[in-house]
Each structure stands twice: as structure tokens, then as C-alpha cells.
Amino acid sequence: MSIDLAFDREHIWHPYTSMLTPLPVYPIVAAAGCELVLEDGRRLVDGTASWWSAVHGYNHPVLNAALTTQLSQMAHVMFGGITHEPAIQLAKQLLQMVPSTLTKVFFADSGSIAVEVAIKMALQYWQAINPQKTKLISLRKGYHGDTFAAMAVCDPIDSMHGMFKELLPQHFFLPAPDCPFDSPFTPRSVEPLAQLLSAHHQDIAALILEPIVQGYGGMRFYHPHYLSAVRALCDKYGILLIADEIATGFGRTGKLFACEHANIAPDIMCLGKALSGGYLTLAATLCTDEVARGISQSAAGGLMHGPTFMANPLACAVALASLGLIATGAWQQQVANIEQQLKRELAPCKQFAKVKDVRVLGAIGVLEMQEPVNVAALQAAFVAQGVWIRPFNNLIYIMPPFTISAKELSQLTQAMVQVSA
Ligand SMILES: *Cc1c(COP(=O)(O)O)cnc(C)c1O
């Protein structure tokens, strides 16, 4: 039986698409290692890790085993008034990996919800301590998810959420950092924050950012000194710092967490995407003792959030197995190798007239084009070349599984070179 693409087109939403003129979708029937298998048997080398998540590749025996073992125990139980081993073991493992000042874990069911919870934590903390502090600071070109509190801290003009602007709470926005990761640091890039804080700190609860890598807002890499300067200014003015490590966490940028590039620790940290090795939807929001104490002193007395599928045991078990693979440290050499190879093999693109910039950091390779690309046409060209790469706007970028072979990675870079020439 073949996959009913006509039904899909007529009845099923896909991400960020129109129901009237949807972009084409490709029928995938299996995935293993770093390849996706099309219904007609063709294999595509995966350049996306399914949106940053499948860092160990697909159909991984260790992750499969963790999931089936847990399935034979229990698939799910509510987390209100109940606890279980997968949640406890996963929280223990997480707390060993993150900065030691982060001590409390909230399990959320998606990245956007982890951001909602982080914002709620920050606002509820200040409700107890200083209720005047209700505003957030975010960065232009930032992306933090698709739910409403998260949308309100996404880039207010460029983002796909621009149309909801009037319906969203109004926060403060800083210019996108104009200090690239590998150029000399320009201290004036943090002046807008210094000015904003000196004028408005009494109204501001927290600053939220994606550390080092601004993802869907433009795939931009900024300088670690910017992040340390933000931390110092937040400390000076008593502002909570929320690090959204949903895309960057677990090794993607060459450090276990991107905050490590600047040696800083946030007050609240969001994790997701690679957390469950790309198997099930799971995210987490971590905070310090101080934040947890403040929240618990607020009028509500507790953190007012509790999803039905909170700390789902299947998701926790597979995440624990994934973190076990991360904890072996193999990712460090893998990501370093990917970075070297991406730098080498994408370098020729710098000469192409259509290419504005070529950027590589850790296991992320980006071609910024002069003009927006034709996504459907480019996607078809990539599939014809046996690779899965999903461009958007003027960005052709990859963030493959860490387990990709040098040969597979070359297939991806060759396809990128070819379409951008
Ligand atoms: C993907 C992403 C989110 C949203 O996560 P979902 O699981 O898609 O809701 C939030 N913040 C960042 C930085 C992301 O990359």
C-alpha cells in the first residue's frame, strides 16, 4: 500500500505551511543511521538531525532498547502525586551535566512549553520579590518557539510571528548582536543593553536569549564576550538570565552547552530537541535554588504549571539512554571532526556570487544566500542528489547527526556547493 499523499495534502497541516498551497512533502518509511528511506527505496543522507534532535542518528540500538524496556514496565502515569525512576534518573543525569548552580528540574513536553515555563518561573519569582518587574528583554533575530509567551520574545518584525504583534505582551528588544563569533569582540555591541537596563531595570524581570547561536531567527553565531557581558549586566541590575539552549544543548556547538563558550551559568535554562535523542517529545526547564525559593514564596505557593504528559516515562527513559551516550564524550571528537570538514568543504562557496556568507560552528554549517531561496525547487534538487536538507528564507544550512561519516557529510556539502554555485 502506498502512502496517501493526496489525503495528506487535503487534510493534514505540516509545519508553517498553507492548507491551500502546501509545499510538497516526501513520504519516508524508515530511518536508520544517518539515512532516511523514501517510499520508493531511495536513501537520503540526513543533514537536519530532524531539526537538531537525532544527534545519535536513527534507529539506534541503545535508544531502541531503553524504550522497549520501559514500555514493558509502563508507558505513562500522571506526575501529580506520583513519581518514577525514569524521571529521577534523568534529573540526576541532567544535574550532573549542567552548571552546578542549576538544581531544580521541570519536565515539559516541548521546547516551546519549556520556554513558557521559564518565563512563568521568572515572572512568578518577581511576583513574590518585587511585583513591579514584569517585562522581559529579548534579542532581535531571536527564536524561542511558537506558543504565545514564546512568540512574544521572538524577533518582533522578522519572525513568522510578526502578524500577532498587537496581540502579544510588549517586551523590550535589543538589536541582534553585531559581534560575530570569530571576529575580534566589539564592546559597543553591549551598549544598547547597558542603556536599556540603566533606564528600565526596575520594570525588568528577565533577559532571554539563545546563547552563542541564534537559530531560526537567522543562524547567526555571536561572540562569547557578548554573552559574558550580558551575564555581568544582569548581575549588576538584578535581572534573571534565561538561556534557551533548546537547539544548542548537548554538544551541537562544540561545547556541551553553548553557555560554556563564555563560562557563564544562567539562572534558568531551557533544554529540548536533542534531549531525547530525537525519539520522543521532551523538554526541561532548570533553575537555581534562589529562583525556586522565590517562586515557592509567591502567593500561589507553587509553580503553576503541570502538563498531562509531564515527565512521560517513555520519553524520560529514552532521554536517559541518550544522555548516557552523550556522557561517554564521543560527541566531542565527532563534532570537532564535523566542524573541520564543514569548514574545509564549504569554503569554496565564499567565492560564489549568490552566497553572502559561509559560517561554521561545531556541527552546524550555514550558507547565507543573497536572496531568499525557492524552498520547493531546492528541496527537490537535494532529494535528487540523495540528501535531506531543508532550507528556509535565504539560509541553506545543516546540523547533521554527530554520528555522520566523513563520506556522508561530503555528500551533504557537495550538494550545498552545487546548488549555491
Ligand atoms: C526549536 C526551538 C524552540 C521550540 O521548541 P519546540 O519543541 O519546537 O516547541 C525554542 N527555542 C529554540 C532556541 C529552538 O530552537
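I call a residue buried under 20% relative accessible area, exposed over 50% and partly exposed in between, using a 1.4 Å probe and protein chains only. The model is predicted, and I kept local features at pLDDT of at least 70 and side-chain atom pairs at pLDDT 80 or more, while totals for chains, interfaces and linings use all residues. Residues are numbered from 1 along each chain as its sequence is written, and side-chain values use heavy atoms, with hydrogens and water left out.

**Aromatic rings**

I searched the whole structure and found 10 aromatic pairs (Phe, Tyr or six-membered Trp rings with centres within 6.5 Å; planes under 30 degrees apart are stacked, over 60 edge-to-face, the rest tilted). Tyr 26 and Trp 388 make an edge-to-face pair, with 5.8 Å between centres and 70° between planes. Tyr 26 is partly exposed at 24% relative accessible area. Trp 388 is buried at 17%. I also noted one aromatic cluster, formed by Trp 51, Trp 52, Tyr 143, Tyr 216, Phe 392 and Tyr 397.

**Ligand**

Next I looked up polar contacts (pairs of N or O atoms within 3.5 Å). A backbone N or O atom of Gly 111 is 2.8 Å from a ligand oxygen. The side chain of Asp 244 places an N or O atom 2.7 Å from a ligand nitrogen. For the side chain of Lys 273, an N or O atom is 2.6 Å from a ligand oxygen.

Conventions
A polar contact is a pair of N or O atoms within 3.5 Å; within protein, one must be able to donate a hydrogen and the other to accept it, and residues adjacent in sequence count only if both atoms are side-chain atoms.
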